[in-house]
Structure formats: C-alpha cells, structure tokens
Amino acid sequence: MPKMLFNRWCLSPIKAESNPVSAPEKGRLSFRLNSTMESVSEVEAAADKLAAEAGIEEDERFHIAMAVREAAVNAVLHGNEYDPSKQIQVSLENNGEALVFTIADQGKGLDPETIPDPLAPENLLRGTGRGIFLIRSFMDEVHFRQLHPGTELTLVKRLAPAAEKT
C-alpha cells in the first residue's frame with residue numbers, strides 16, 4: 001500500500017510520491033506521514049521548497065531545512081520510536097509574515113526543560129540535546145505543546161519585509 005499524505009482541506013488522500021508543497025507562496029498545507037527516515041527527508045524537502053518559494057536565500061534555507069529535519073527526526077525517533085502504527089502530523093505555512101512549521105508525534109510526550117544542555121561540560125561528548133539546540137539556534141521562535149499523547153513542536157522563521165530584502 002503506498003504511503004499517503006492528507007491535505008487538511010481535502011478529504012481525499014494524495015499519494016506521497018507527489019510533492020507535498022504545491023500551494024502558492026502564501027498558504028498552509030497539512031499532511032500525515034509514517035514514522036520513517038524517508039518521511040523525515042520528505043518533510044525536509046517540503047520545508048526547503050516552501051522557504052525557496054518565500055524567496056529566502058540559500059544559506060538561510062539550509063538552516064530552516066536543517067531545523068525542520070531535526071524536529072522531524074525527533075518526532076520519528078524519540079517521539080514515535082519508529083513505531084509503524086504511529087504517524088507524524090506536519091503543517092507547513094507561509095502566512096506572509098513568517099514561515100511556520102508544525103510537527104507532532106504520537107509518543108509519550110516531552111518536557112523541554114529536561115533536555116540536557118549540549119554545551120554544558122558534562123554533555124559535550126554526549127549526543128543528546130543537540131537537535132533542539134540547533135532548532136533553537138536557527139529559528140526565530142520554537143514552541144512545545146503537550147498533546148497527550150504526543151508532543152507538538154512549532155518552528156517560526158519570520159520573513160523580512162520586501163523592502164528589507166536586498
């Protein structure tokens with residue numbers, strides 16, 4: 001059975017092989033994906049395309065795509081623990097003022113206050129906390145919400161007004 005994506009405003013599923021970001025510059029797209037690393041790559045590509053359509057330069061697009069990738073990896077790996085019966089819910093939006101990326105898992109939940117600081121001396125050689133650190137470094141806003149079950153992570157990258165782009 002092919003992997004399916006679901007547009008929030010469309011009652012019929014669309015095949016995952018189609019590109020999830022096909023909306024105009026402003027707009028919102030929501031879909032569900034299986035808890036796989038292939039899904040992570042699809043989310044990253046969709047974020048990069050949305051950023052490109054918003055006119056964001058390549059270096060900044062790379063940072064946005066990396067932050068969104070880290071959020072998707074956390075949802076698949078830590079949240080859903082690669083459980084094939086669970087999915088991630090993804091929302092990508094350009095509201096004209098910011099790009100807003102929301103990724104939710106169906107896992108046990110996460111308290112962001114318990115994430116170790118990767119810059120603390122005792123954690124420098126540990127691999128935990130680096131993804132959230134990168135996400136916070138690359139995005140303008142990061143919000144966690146407990147869903148019971150699951151965690152929702154919202155990443156916001158503000159867009160520069162057209163007059164400020166040179």
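Student: What does the side chain of Lys157 make a polar contact with?
Tutor: In this predicted model, the Lys157 side chain makes a polar contact with the side chain of Glu60, at 2.7 Å. The Lys157 side chain also reaches the backbone oxygen of Phe138, at 3.0 Å.

Student: Ok, and where is the place of Lys157?
Tutor: Lys157 sits in strand β7, which covers residues 151–158.

Student: Does Lys157 count as buried or exposed, and why?
Tutor: Buried, because its relative accessibility is 11% and the cut-off for buried is under 20%.

Student: Which residues is Lys157 in contact with, leaving aside its neighbours within four places in sequence?
Tutor: Glu60, Ile64, Ala98, Leu99, Phe138, Met139 and Asp140.

Student: Phe138 again. Which residues of helix α3 are buried?
Tutor: Helix α3 spans residues 130–138, and its buried residues are Gly131, Ile132, Ile135 and Phe138. Seen down the axis of α3, these residues fall within an arc of 140 degrees, so they line one face of the helix.

Student: Why do residues three or four places apart in an α-helix point the same way?
Tutor: Because an α-helix has 3.6 residues a turn.

Student: What do the buried residues of α3 pack against?
Tutor: They pack against α2 (58–79), β6 (141–146) and β7. Strand β7 is the one that holds Lys157.

Student: New topic. How many residues are in the largest nonpolar core?
Tutor: It has 33 residues, and those with the most contacts inside it are Leu99, Phe101 and Leu155. At least two residues each come from β3 (27–34), α1 (37–53), α2, β4 (87–94), β5 (98–104), α3 and β7.

Student: Which of them gives the largest share of this core?
Tutor: α2, with eight residues. As a general point, nonpolar side chains tend to be buried together in soluble globular proteins.

Student: Back to Leu99. What is Leu99 in contact with, leaving aside neighbours within four places in sequence?
Tutor: The contacts of Leu99 include Leu50, Ala51, Ala54, Ile56 and Ile64. Leu155, Val156 and Lys157 are also among them.

Student: Now the whole chain. How many helices and strands has the chain?
Tutor: Three helices and seven strands. Along the sequence, the pattern runs β-β-β-α-α-β-β-α-β-β.

Student: And how much of the chain do buried residues make up?
Tutor: 40% of the 166 residues. The accessible surface of the chain comes to about 9300 Å², with 54% of that belonging to carbon and sulfur atoms.

Student: Last one. Of the contacts with a separation of 6 or more, what percentage do residues 24 or more positions apart account for?
Tutor: They account for 62% of those contacts in the chain.

How values were computed: Residues are numbered from 1 along each chain as its sequence is written. This is a predicted model: local features need pLDDT of at least 70, side-chain atom pairs count only at pLDDT 80 or more; totals for chains, interfaces and linings use all residues. Side-chain values use heavy atoms; hydrogens and water are left out. Helices (H or I, at least four residues) and strands (E, at least two) are DSSP runs, numbered from the N terminus. Buried means under 20% relative accessible area, exposed over 50%, partly exposed in between (1.4 Å probe, protein chains only). A polar contact is a pair of N or O atoms within 3.5 Å; within protein, one must be able to donate a hydrogen and the other to accept it, and residues adjacent in sequence count only if both atoms are side-chain atoms. Contact means heavy atoms within 4.5 Å. The arc is that of the directions from the helix axis to the C-beta atoms. A nonpolar core is a set of buried Ala, Val, Leu, Ile, Met, Phe, Trp, Tyr and Cys residues joined through side-chain atoms within 4.5 Å. Accessible areas come from the Shrake-Rupley method with a 1.4 Å probe; for residues, only the protein chains shown count as cover.
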